[in-house]
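Subject: Structure for you to look at

Hello,

I am passing on the structure we spoke about. Please open it alongside this message; notes on what was found follow below.

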Amino acid sequence: MRTILVTGAAGFIGSALSHRLLDAGNRVVGLDSLNAYYDPALKQARLDRLTARDGFTSVQGKLEEPGLLRALFEQHRPARVIHLAAQAGVRHSIDAPRDYLEANLIGTYELLEAARAYPPEHMLLASTSSVYGANTDMPYREVDKVDSQMSFYAATKKANEAMAHSYAHLYGLPTTMFRFFTVYGPWGRPDMAYFKFTRAILNGEPIDVYNNGEMRRDFTYIDDLVTAILALGDAVPGDAPVGAHDSLSPVAPFRAVNIGMNSPVALMDFIQAIETAIGQEAVKTMLPMQPGDVPATWADTTLLRDLTGVELKTPVAKGIAQFVTWYRDYYGV
């Protein structure tokens with residue numbers, strides 16, 4: 001039985017992951033600030049489901065609070081750390097960049113310092129497909145250069161990768177960075193497009209479709225994502241790359257790994273899947289591209305497959321149907 005620290009445990013990904021860790025017999029220490037970036041009641045509902053389970057310890061607080069993470073490491077001595085807490089959202093980072101500075105940069109610094117004092121066997125930290133920024137060669141490969149971020153959110157996540165690499169090198173902390181690709185599913189985030197689309201269609205309201213619908217995303221279903229994270233927990237970076245495509249650092253036990261479907265879907269097809277699941281056509285307002293956004297994402301998942309054998313399989317139609325079923329049940333519509 002391992003003790004695993006999950007930051008962002010009341011979040012969309014963190015709560016789903018924590019349940020699976022508990023199912024496998026682990027002890028989970030879950031940290032979350034329950035901030036008001038989106039509906040705190042949804043976060044509390046996720047957390048309530050976790051606190052009802054044996055083996056889960058809930059801690060409320062902000063990552064950036066000096067000494068909080070160090071005290072958690074000292075008390076619980078986690079064997080693994082899965083760092084998912086962050087200020088998310090590309091568009092919000094234009095309006096409130098300080099939130100990202102504090103949570104993503106200072107918060108991750110506090111985590112790395114705590115790990116330096118009480119080293120776990122494996123550090124697993126969330127990054128994002130947004131670090132690929134203005135890259136146009138697709139699919140995105142982990143060994144591609146990532147120096148052209150299009151939003152401050154993406155810039156903070158790229159900085160997290162650089163910070164974690166330096167600590168991996170200086171202090172021998174085995175570290176894996178996840179680059180997530182557009183995660184969706186039940187218990188998801190209300191600020192994300194599929195959630196907004198579903199709410200609007202059910203309310204008979206129009207939906208905003210950016211770049212006139214000329215967008216493609218490598219949509220990743222939550223259950224598949226969690227399966228990949230759990231498998232990568234056992235793929236501790238060492239000193240032997242698995243091939244020329246491995247992002248393993250030459251000077252540190254550190255790598256970045258894409259987690260996506262390796263199958264981008266057109267935005268209009270994604271919207272159609274929502275319309276089909278609801279049984280109602282959306283009224284669409286076509287708009288230009290939003291600042292900080294990119295027209296397409298596409299994950300090369302060769303490295304994930306070689307490290308874990310995992311291939312993500314849930315098709316968008318199935319995943320969206322499961323989300324809509326959850327949405328109707330949770331909101332009573």
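With which side chain does the side chain of Thr3 make a polar contact? The partner is the side chain of Arg27, at 2.9 Å. A polar contact here is a pair of N or O atoms within 3.5 Å; within protein, one must be able to donate a hydrogen and the other to accept it, and residues adjacent in sequence count only if both atoms are side-chain atoms.

Some ground rules. This is a predicted model, in which local features need pLDDT of at least 70 and side-chain atom pairs count only at pLDDT 80 or more, while totals for chains, interfaces and linings use all residues. Residues are numbered from 1 along each chain as its sequence is written, and side-chain values use heavy atoms, with hydrogens and water left out.

Thr3 lies in strand β1 (strands are DSSP runs of E, at least two residues; helices are runs of H or I, at least four; both are numbered from the N terminus). Thr3 is buried, with a relative accessible area of 11% (buried means under 20%, exposed over 50%, partly exposed in between, with a 1.4 Å probe and protein chains only). Beyond four places in sequence, the residues that Thr3 touches include Val29, His76 and Pro78 (contact means heavy atoms within 4.5 Å).

The sheet is open and has seven strands, in the order β3-β2-β1-β4-β5-β6-β11, with parallel pairing (two strands pair if DSSP finds at least two bridges between them). β3 (56-60) and β11 (254-259) are at the edges with a single partner strand each, so one side of each has no neighbour in the sheet. From one strand to the next, the twist averages 20° (axes are lines fitted to C-alpha atoms, for helices over the stretch in contact; angles run from 0 to 180 degrees between N-to-C directions). β5 (residues 122-128) and β6 (residues 175-180) are joined by six bridges, and Leu124 is opposite Thr176 in β6.

Two helices lie on strands of this sheet. Helix α5 (residues 97-117) lies across β1, β4 and β5, at about 165° to β5.

In helix α2 (residues 40-51), the buried residues include Leu42, Ala45 and Leu50, and α1, β3 and α11 (316-331) are among what covers the buried residues. Where α2 starts, a side-chain oxygen of Asp39 comes within 2.9 Å of the backbone nitrogen of Ala41.

Regards
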